[in-house]
Amino acid sequence: MASKKRPISDMAAFRRQLEKSRNVVILSGAGVSAESGVPTFRGDGGFWRKYQAQNLATPGAFTKDPSLVWEFYHYRRELVLTKEPNPAHTAIAEFQKRFFNEGKKAIIITQNIDGLHQRAGGQNVIELHGSLFKTRCTKCGSVKVNTDSPICPSLKDKGAPDPGATSANIKIEDLPHCDDCKGLLRPHVVWFGESLFDDVLDEVAGHLNSCDLCLVVGTSSIVYPAAMFAPQVAARGVPVAEFNLETTPATDNFQFHFEGPCGKSMPIALAP
């Protein structure tokens, strides 16, 4: 049985493939945001105060202590507002605009919830895991963009990440509430134990099935179902290029692999 060909790191060959493409999907992950100084809250850095972040990002945690969970997300919102898109975000946004102007298609699908692709100029970004800057009403289900800082007066100056910080224990009535029905708001993000939004998955499936080139940028390819997306594209014979600090479990499925910071590789890969 023939062995699988190893991916190549030939930028000129990738650029030739890019020039031939008319329908590109860009899948981005936490590595892109990490280069802007946004914490990934995974592995050794996965703590806020004395809590593991994944233990706060659950429906059960919110039911038990909505004040604590809102403190955590308020901290994350405020932190992201101090960060800026990096050269990878900018290169992707400028490439997308150029492709659109040439009558071609470039879709950004991100696992990140920080909005940095949009702040760099990315259009119609598909957010697989929701957004720090959207809320969802637990009563009527209304989803709205919210970039208020702070999101409500009671959270002002709250959410310090120090292990010794004490919980604010904010009363439920003083937490963010819906303008329409006065129900309690939650962050519009996909928590552990929750499924991705069906309409988002349907939209993503359409793009994955129609693209003629896929870029996987700054993702470890271990978070499902997103980890399956690029290998599925590769399985139908479409070229996939991976840009990451290191190899991933999915690397051998792809035609191209480029190691190093995305902020250095993307401006070269996507330059006019």
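Asn23 stands opposite Lys105, a residue of strand β4. Six bridges join strand β1 (residues 23-28) to β4, and the two run parallel. Strands here are DSSP runs of E with at least two residues, helices are runs of H or I with at least four, and both are numbered from the N terminus. Two strands count as paired if DSSP finds at least two bridges between them. The model is predicted: local features need pLDDT of at least 70, side-chain atom pairs count only at pLDDT 80 or more, and totals for chains, interfaces and linings use all residues. Residues are numbered from 1 along each chain as its sequence is written, and side-chain values use heavy atoms, with hydrogens and water left out.

Strands β1 and β4 belong to an open sheet of six strands. The order is β5-β4-β1-β9-β10-β11, and the pairing is parallel. Strands of a sheet pair through backbone hydrogen bonds, either parallel or antiparallel. The edge strands are β5 (126-127) and β11 (256-259), each of which pairs on one side only. Strand β4 covers residues 105-110 and pairs with β5 in the parallel sense over two bridges. Ile109 has Ile126 of β5 as its bridge partner. Five of the six residues of β4 are buried, so the strand is largely enclosed by the rest of the structure. Buried means under 20% relative accessible area, exposed means over 50%, and partly exposed lies in between (1.4 Å probe, protein chains only).

Glu127 lies in the edge strand β5. Its relative accessibility is 11%, so Glu127 counts as buried. Leaving aside neighbours within four places in sequence, Glu127 is in contact (heavy atoms within 4.5 Å) with Thr110, Gly115, Gln118, Lys134 and Val200.

The chain as a whole has 10 helices and 11 strands. Its radius of gyration, taken over C-alpha atoms, is 20 Å. Along its principal axes the C-alpha trace spans about 60 × 35 × 35 Å. Of the 272 residues, 50% count as buried. Among contacts between residues at least 6 apart in sequence, 72% join residues at least 24 apart.

The chain exposes about 13100 Å², and carbon and sulfur atoms supply 51% of this area. Accessible areas come from the Shrake-Rupley method with a 1.4 Å probe; for residues, only the protein chains shown count as cover. The mean positions of the 30 positive and 29 negative charges are 2 Å apart. Lys and Arg count as positive, Asp and Glu as negative; His and the chain ends are not counted. Each charge is placed at NZ of Lys, CZ of Arg, CG of Asp or CD of Glu.

A cis peptide bond joins Ser149 and Pro150, with omega about 0°. Pro150 sits in the loop between β7 (143-145) and β8 (185-189). Asn169 is found in the loop between β7 and β8. Its phi is near 50°, a positive value in a residue other than glycine. Asn169 is exposed, at 56% relative accessibility. Arg49, not a glycine, has a positive phi of about 55°. Arg49 is found in the loop between β2 (47-48) and β3 (51-52). With a relative accessible area of 7%, Arg49 is buried.

Asn209 lies in helix α8 (residues 198-210). Asn209 counts as exposed, at 58% relative accessibility. Asn209 and Ser195 are 14 residues apart in sequence and 21 Å apart in space, C-alpha to C-alpha.

Notes. The radius of gyration is taken over C-alpha atoms; the globule rule is 2.2 Å times the number of residues to the power 0.38.
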